[in-house]
Amino acid sequence: DNYEVCFLFYTINGMILFILNFLLSSEIEVENDITVKASERLTPESETLLGGDGEEIEEPVTPNEKKSLIWKLVPKFSPESLKKLLLLTVLICLDSLGMSLSTKAWTAYYFKIRYALSSSSLGLIFGTAAISGALMALVGTYFCKKYGPIRTMVTVHTTASVMLVMMALPIGMREMVTLFLTRSLIRTMDLPSKHVFISATVEPQERTAAIGFINASKTLV
């Protein structure tokens with residue numbers, strides 16, 4: 001019955017998020033200004049002979065061709081941003097693939113078999129880890145501002161990975177729980193840095209699509 005309540009609560013949250021997404025307006029996006037003043041586009045080689053008065057001239061925009069629904073759903077990126085985004089996606093997906101081998105379900109099963117922990121004890125341990133990890137993600141913004149996103153990502157992620165490897169060592173239950181909770185505190189601190197780094201890699205109007213593309217790719221992997 002307890003599991004049914006948890007899944008029901010999770011389902012309700014998902015439905016609320018689904019509705020809230022549809023209530024968002026287009027004002028949350030960064031508009032891509034495709035009209036540029038003629039005076040800003042002119043170079044010494046392309047200046048007019050008669051010397052224009054610098055009035056704003058909008059280039060005609062070719063109407064969008066009819067495309068399939070799948071093509072419309074694919075996010076549009078500039079060639080330079082797409083090259084960087086694909087490289088980041090490959091690296092993040094490889095990391096996600098490795099992390100998927102140590103899911104919470106497998107870790108809980110490992111704790112139960114190795115230390116004969118009860119369901120209530122496992123719930124307390126993993127609940128504490130989830131809440132503390134969510135709070136430390138907020139603290140991660142401080143380290144991102146002070147040390148930069150790259151240093152924060154490398155330091156935090158490397159430390160968390162080493163702790164994950166150490167969980168395979170033959171240690172006692174208290175040491176294992178301490179190691180697991182400490183890793184849970186650290187591993188979420190690089191989340192703000194990842195989003196900052198991805199946002200800085202692409203154009204402002206491509207940030208939402210870039211983060212969504214990477215998250216979707218991680219889910220598929």
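The legends below describe close-up views of a predicted model.

Local features need pLDDT of at least 70 and side-chain atom pairs count only at pLDDT 80 or more, while totals for chains, interfaces and linings use all residues. Residues are numbered from 1 along each chain as its sequence is written, and side-chain values use heavy atoms, with hydrogens and water left out.

**View 1. Leu 23 and the nonpolar surface patch.** Leu 23 belongs to helix α1, residues 2-23 (helices are DSSP runs of H or I with at least four residues, numbered from the N terminus). With a relative accessibility of 65%, Leu 23 is exposed (over 50% relative accessible area, 1.4 Å probe, protein chains only).

**View 2. Thr 107 in helix α5.** Thr 107, in the helix spanning residues 104-115, is buried because its relative accessibility is 12%, buried meaning under 20%. Neighbours within four places in sequence aside, Thr 107 is in contact with Ser 102, Phe 126, Met 167 and Phe 180 (heavy atoms within 4.5 Å).

**View 3. Arg 207 in helix α10.** Arg 207 lies in the helix of residues 207-220 and is partly exposed at 38% relative accessible area, a class that falls between buried and exposed. Arg 207 touches Ser 199 and Val 202, when residues up to four places away in sequence are not counted. His 195 is 12 residues from Arg 207 in sequence, and their C-alpha atoms are 9.1 Å apart in space.

How values were computed: Helices (H or I, at least four residues) and strands (E, at least two) are DSSP runs, numbered from the N terminus. Patches are made of residues with over 30% relative accessible area and no salt bridge: like charges are joined within 9 Å, nonpolar side chains (Val, Leu, Ile, Met, Phe, Trp, Tyr) within 5 Å. Accessible areas come from the Shrake-Rupley method with a 1.4 Å probe; for residues, only the protein chains shown count as cover. A salt bridge is a side-chain nitrogen of Lys or Arg within 4 Å of a carboxyl oxygen of Asp or Glu.
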